[in-house]
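Hi,

Here is the structure I said I would pass on.

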Amino acid sequence: MKVDILLGLQWGDEGKGKVVDVLTPRYDVVARFQGGPNAGHTLEFEGQKYVLRSIPSGIFQGDKVNIIGNGVVLDPALFKAEAEALEASGHNLKERLHISKKAHLILPTHRILDAAYEAAKGDAKVGTTGKGIGPTYTDKISRNGVRVGDILHDFDKKYAAAKARHEQILKGLNYEYDLSELEKAWFEGIEYLKQFKFVDSEHEINGLLSDGKSVLCEGAQGTMLDIDFGSYPFVTSSNTICAGACTGLGIAPNKIGEVYGIFKAYCTRVGAGPFPTELFDKTGDQICTLGHEFGSVTGRKRRCGWIDLVALKYAIMVDGVTKLIMMKSDVLDSFETIKACVAYKVNGEEIDYFPFDIEGVEPVYVELPGWQTDMTKMQSEDEFPEEFNAYLSFLEEQLGVPVKIVSVGPDREQTIERYTEE
Ligand code: GDP
Ligand code: IMO
Ligand code: MG
């Protein structure tokens with residue numbers, strides 16, 4: 001069997017959680033391969049809303065196995081809070097949530113370091129989620145990390161060594177902090193974590209594939225936040241692209257099947273960094289209000305703008321996207337016209353490729369008629385208004401990949417498959 005991968009193509013928050021939940025019944029296993037509690041994946045069904053951070057979004061559909069892969073960074077305290085809340089609402093996790101022994105642990109001092117590095121950057125700060133993501137991946141790459149599997153061997157010694165090293169760095173940065181509360185919650189998290197199944201997830205997944213089982217990999221963040229291909233340095237610290245699923249789960253590239261690329265009908269970004277199509281006017285505020293564009297985890301206002309097809313094409317290229325999924329179509333319901341960026345102007349010259357640096361590039365737009373129809377009640381593609389179909393055709397023509405799923409509201413049910421010929 002092959003592995004399918006679902007990835008965000010923009011700057012995150014495209015609606016990955018919702019669609020993973022919708023697609024889960026078609027798979028035997030759902031696995032996260034990178035990122036950590038910087039993610040906030042929202043799911044809505046049966047009048048309930050859930051926000052997942054480290055737990056894969058396949059956890060609500062039947063008894064599917066969900067895996068937290070080696071590429072993920074895990075904060076035991078935040079994991080405990082997230083998992084306990086799910087268990088309190090009647091979802092049993094212990095048997096079917098498996099955690100890779102090779103996943104790296106976010107230590108309390110990683111969170112302090114995240115804050116200290118941001119403070120030291122002053123105006124150049126990234127606007128991180130403050131969850132210790134960067135420092136934890138830094139330790140992983142510099143071969144100083146502490147892993148889930150270490151909890152079972154020599155843990156106190158490894159923890160103490162990492163903490164001492166971090167304290168030394170914080171001293172050098174003259175950063176004041178209080179570790180006591182964070183550390184207490186963290187060790188409670190470690191005890192809680194021990195109740196879960198620690199696995200060699202690369203063996204587990206490859207074994208399942210050999211047995212004919214199907215796997216859906218759930219990306220976090222988005223391609224524009226990828227450490228290599230995103231808008232560096234305003235990015236996260238992991239490979240959010242398709243290849244991240246290979247390294248983050250131990251899946252060989254020739255095992256990859258479909259790559260679902262998910263994007264909003266417009267564009268948003270949280271935190272600092274360039275955003276060519278950002279709107280600073282009434283239209284931007286309207287998109288923000290209509291789309292409830294506030295962070296699922298931090299509550300931060302998301303910056304809003306028109307769809308950027310130059311960036312999307314780039315994302316589709318590096319990810320090898322085979323099927324597109326368009327989210328939040330309903331948010332644009334009331335607009336008379338809708339703009340799409342098809343090129344950038346750089347020093348007066350028009351380019352249609354994603355350059356080394358997107359700081360200061362000017363978007364070149366085409367304007368399309370809006371559909372001015374309530375999309376939230378749509379049941380099938382047959383009901384789509386003409387202008388909406390025209391918008392989809394325009395995107396498909398520009399991007400060269402078919403849009404196979406359209407989302408018209410936050411609920412699981414508000415999801416429409418397109419069966420149109422490619
Ligand atoms: P993720 O991080 O990619 O999983 O996305 P988030 O959960 O951070 O943000 C997506 C937000 O949009 C959530 O509040 C979802 O409930 C909501 N959402 C998802 N799909 C749709 C849609 O088609 N229409 C509307 N209006 N909201 C949606
Ligand atoms: P999901 O999975 C949107 C952004 C942060 C910041 C940058 C680096 O919900 O789509 P980090 O804490 O990772 O070091 O922050 O990345 N960021 C996200 N933006 N959605 C996310 O996740 C994000 N995770 C990180 O705002 O700009
Ligand atoms: Mg999110």
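Let's start with the ligand. The shell around ligand 2 is made up of 8 nonpolar, 10 polar and 3 charged residues (Ala, Val, Leu, Ile, Met, Phe, Trp, Tyr, Cys and Pro count as nonpolar, Asp, Glu, Lys and Arg as charged, the others, Gly among them, as polar).

Before going on: this is a predicted model, where local features need pLDDT of at least 70 and side-chain atom pairs pLDDT 80 or more, while totals for chains, interfaces and linings use all residues. Residues are numbered from 1 along each chain as written, chains are lettered from A and ligands numbered from 1 in the order written, and side-chain values use heavy atoms, without hydrogens and water.

Of the 21 residues around ligand 2 (a heavy atom within 4 Å), D13, K16, H41, T129 and T236 come nearest. As for polar contacts (here, pairs of N or O atoms within 3.5 Å), a polar side-chain atom of N38 sits 2.9 Å from a ligand 2 oxygen, and a backbone N or O atom of Q221 lies 2.8 Å from an oxygen of ligand 2. Taken alone, ligand 2 exposes 550 Å², and the protein buries 98% of that (Shrake-Rupley method, 1.4 Å probe).

Then there's an open sheet of 10 strands with mixed pairing, in the order 9-7-5-2-10-1-11-15-19-20 (strands are DSSP E runs of at least two residues, numbered from the N terminus; two of them pair if DSSP finds at least two bridges). Strand 9 (197–199) and strand 20 (415–417) are at the edges with a single partner strand each, so one side of each has no neighbour in the sheet. Strand 2 (residues 29–32) pairs with strand 10 (residues 215–218) in the parallel sense over 4 bridges, with V29 opposite V215.

Cheers

How values were computed:
Polar contact = N/O pair within 3.5 Å; in protein donor to acceptor, adjacent residues only side chain to side chain.
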